[in-house]
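Student: I would like a close look at one part of this model, worked through slowly. Please set it in the context of its chain before turning to the details.

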Amino acid sequence: MSDAQSRIADLVRSNDVVLFMKGTALFPQCGFSSRAVAILDRLGANYETVDVLQDPEVRAGIKEFSDWPTIPQLYVKGEFVGGSDIMMEMFESGELQQLLGAEA
Amino acid sequence: MPMPASEIERLIKASIPDAEVVIRDLAGDGDHYAARVVSRSFEGMSRIKQHQAVYAALGGRVGGELHALQLETAVPQSEINQ
């Protein structure tokens with residue numbers, strides 16, 4: 001496993017809820033990342049964020065890690081949940097509350 | 001680089017032939033799209049797998065040439081009700 005892949009695996013393993021995003025929770029740098037943060041805040045979730053713009057290796061590596069071409073990406077308890085579209089669908093259906101409610 | 005909506009639809013249908021594809025150009029700039037893709041082939045697949053199937057159809061363009069594609073996938077309603 002490359003260095004970036006093992007660092008990503010560590011981040012995913014050591015944080016119950018972690019969002020890989022562009023920018024920070026306070027200053028998202030992309031509309032999709034902003035939407036993902038808004039959803040998590042709305043649910044009152046405790047979450048960590050990783051700003052991929054600060055780390056080109058993670059930015060490239062996270063796409064390979066999950067076989068997913070876009071950022072943001074949400075992981076809960078080590079499982080890839082999806083990007084902002086899936087987060088929105090799960091938010092609207094109540095599934096995300098359930099998933100996070102059990103963990104947060 | 002802008003990509004016409006018709007090209008996105010063509011690529012998706014080339015790989016998911018029964019797909020019903022509806023595309024909206026969100027910003028009118030040929031670069032920010034929303035797509036809804038409905039296909040029987042999605043039945044039994046997780047949302048992640050459904051989206052991955054569409055990304056695969058677009059052959060690595062999403063996140064690159066195609067910066068912003070808001071995606072919604074679904075199985076046809078009649079299939080769910082059966």
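Tutor: A compact globule of 104 residues would have a radius of gyration near 13 Å, and chain A, with 13 Å, agrees with that; the radius is taken over C-alpha atoms, and the globule rule is 2.2 Å times the number of residues to the power 0.38. This is a predicted model, in which local features need pLDDT of at least 70 and side-chain atom pairs count only at pLDDT 80 or more, while totals for chains, interfaces and linings use all residues. Residues are numbered from 1 along each chain as its sequence is written, and chains are lettered from A and ligands numbered from 1 in the order in which they are written.

Chain A holds 5 helices and 4 strands (DSSP runs numbered from the N terminus, H or I of at least four residues for helices and E of at least two for strands), and along the sequence they follow the pattern α-β-α-β-α-β-β-α-α. Of the 104 residues in chain A, 41% are buried, a residue being buried if 20 or more other C-beta atoms lie within 10 Å of its own, exposed if 12 or fewer, and partly exposed in between, with C-beta atoms placed from the backbone.

The axes of α1(A) and α3(A) come within 9 Å and cross at roughly 75° (axes are lines fitted to C-alpha atoms, for helices over the stretch in contact, with angles running from 0 to 180 degrees between N-to-C directions). That angle makes α1(A) roughly perpendicular to α3(A), a label used for 65 to 115 degrees, with under 35 roughly parallel, over 145 roughly antiparallel and the rest oblique. From α1(A), A:A4, A:Q5, A:R7 and A:I8 meet A:E57, A:V58, A:G61, A:I62 and A:F65 of α3(A). Finally, α3(A) is followed by A:D67, which has a positive phi, near 55°.

How values were computed: Two residues are in contact if their C-beta atoms, placed from the backbone, lie within 7 Å.
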